Each structure stands twice: as structure tokens, then as C-alpha cells.
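These are my notebook entries on a structure that I had not examined before. I set down what I looked up, in the order in which I looked.

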Amino acid sequence: MYRRALEGKEKAWRPEHTSTLNTVNNLGVLYKDQGKMAEAEAMYRRALEGKEKAWRPEHTSTLDTVNNLGNLYKDQGKMAEAEAMYRRALEGKEKAWGPEHTSTLDTVNNLGNFYKNQGKMAEAEAMYRRASRQDGRSGSHVSTGVGRV
């Protein structure tokens, strides 16, 4: 379904249109969920490159794709790349929305899960404490599962 939607949007709006790029990102999510990691990475990279040009690197939609790429790299065992993507997403979301926004806290939580899965318990605890501390002040909810934004 996403593939047909993508083809239609590419014809109607052009490949670099932001709506087309959102569909490209969603196709990456689908491929990742299906275990098609190479295809997912290609879609995320295409979406990221297009969003950086269309909106700018620090735009929140761009940062959502950065976070998704971090999730993919983590699942592929590319830990240095995953951490870099999570940190980039977190820094950008802190600037765009502030430290207490739910999207920022989702990324804090993702980074906590990332550290926990690597056995870096002190770093994981710091992220979880931050998410839960901010959670209480902002009225937001942060789950303990790895989130996709």
C-alpha cells in the first residue's frame, strides 16, 4: 500500500515533496518491521536527505527520521551509528521543543533503552531518571519500551 502511495505522490507532487518524503519514511518503518533492513535503511536515508533539504536538519520531522534511523542501526548492531543518531535527535528535539516535550522524552527513553541493552546501566539509569523526572513535571507519559516516533 505504501509503495502505491509513494508512486502516486512521486508523480503528483515530485520525489522531494515533504508529503512524499513522509511516505518514504513510513515505507522504511514497514520494511524495518518486516526485517528488510537494507530496504529500510535506503528509505530512511532517502527520507532524511530529502527532509534535510526541504525543511532543514533541525526540523522536527527530520529529527523523527533521525530517531528511526537510530532504531534501525541499533537493530543492525551498528551501535556507534545508532548512538550518534539518537544523540542528534535528542539535541535537536531539546532545541526545538524543549527538554520536557513528550517527543523529546521518547528519545530520552530510546537512548536509555539503547544503553540498557549495551549493559551501560549507569547511562541507562540517568536517561530513565531524566525521563521519569521530566514526566512528572510535564504531565507526559513515557513508556519503558523502545518507541518509534
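**Entry 1. Thr104**

In which helix is the place of Thr104? I found Thr104 in helix α6. I worked on a predicted model, in which local features need pLDDT of at least 70, side-chain atom pairs count only at pLDDT 80 or more, and totals for chains, interfaces and linings use all residues. Residues are numbered from 1 along each chain as its sequence is written, and side-chain values use heavy atoms, with hydrogens and water left out. Helices (H or I, at least four residues) and strands (E, at least two) are DSSP runs, numbered from the N terminus.

Is Thr104 buried or exposed? I noted Thr104 as buried because its relative accessible area is 0%. Buried means under 20% relative accessible area, exposed over 50%, and partly exposed in between, with a 1.4 Å probe and protein chains only. I then listed its contacts (heavy atoms within 4.5 Å). Not counting residues up to four places away in sequence, Thr104 touches Leu90, Lys93, Glu94, Trp97, Gly98, Pro99 and Arg130.

**Entry 2. The chain as a whole**

I counted seven helices and zero strands in the protein chain. The chain has 149 residues, and buried residues make up 42% of them. Of the contacts between residues at least 6 apart in sequence, 55% join residues at least 24 apart. For the surface I used accessible areas from the Shrake-Rupley method with a 1.4 Å probe; for residues, only the protein chains shown count as cover. The protein chain exposes about 7600 Å², and carbon and sulfur atoms supply 49% of this area.

**Entry 3. Aromatic rings**

How many aromatic pairs does the structure hold? I found two. Rings of Phe, Tyr and Trp (its six-membered ring) pair if their centres lie within 6.5 Å; planes under 30 degrees apart count as stacked, over 60 as edge-to-face and the rest as tilted. One of the pairs is that of Tyr86 and Phe114, which is edge-to-face, with 5.7 Å centre to centre and 65° between the planes. This pair links distant parts of the chain, since Tyr86 lies in helix α5 (residues 79-97) and Phe114 in helix α6 (residues 102-117), 28 residues apart. I recorded both Tyr86 and Phe114 as buried.

Tyr86 and Phe114 form one aromatic cluster with Tyr115. Leaving aside neighbours within four places in sequence, I saw Tyr115 in contact with Glu83, Arg87, Lys120, Glu123, Ala124 and Met127.

**Entry 4. The nonpolar core**

Which of its 25 residues touch the most other members? They are Tyr44, Leu69, Leu111, Phe114 and Tyr115. At least two residues of this core come from each of α2 (18-33), α3 (37-54), α4 (60-76), α5, α6 and α7 (121-138). The core also draws at least three residues from each of domain 1 (1-55) and domain 2 (79-134); these bounds come from an automatic or database domain assignment. In soluble globular proteins, nonpolar side chains tend to be buried together.

I compared each span with the expected one, which is 1.5 Å times one less than the number of residues. Helix α2 has 16 residues and reaches 23 Å from its first C-alpha to its last, close to the expected 22 Å. Its buried residues include Leu21, Val24, Leu27 and Tyr31. Gly35 follows α2 and has a positive phi near 80°.

Helix α3 has 18 residues and reaches 25 Å, close to the expected 26 Å. Among its buried residues are Met43, Tyr44, Ala47 and Leu48, and the buried residues of α3 pack against α2, α4 and α5. Glu49 also belongs to α3, but I noted Glu49 as partly exposed because its relative accessibility is 48%. The C-alpha atoms of Glu49 and Glu16 are 9.3 Å apart, although 33 residues separate the two in sequence.

I found Arg56 in the loop between α3 and α4. Its phi is near 130°, a positive value in a residue other than glycine. Most residues other than glycine have a negative phi. Arg56 counts as partly exposed because its relative accessibility is 40%.

Last, I located Ala131 in helix α7. Ala131 counts as buried because its relative accessibility is 3%. The C-alpha atoms of Ala131 and Glu100 are separated by 8.4 Å, and the two residues are 31 apart along the chain.

Key:
A nonpolar core is a set of buried Ala, Val, Leu, Ile, Met, Phe, Trp, Tyr and Cys residues joined through side-chain atoms within 4.5 Å.
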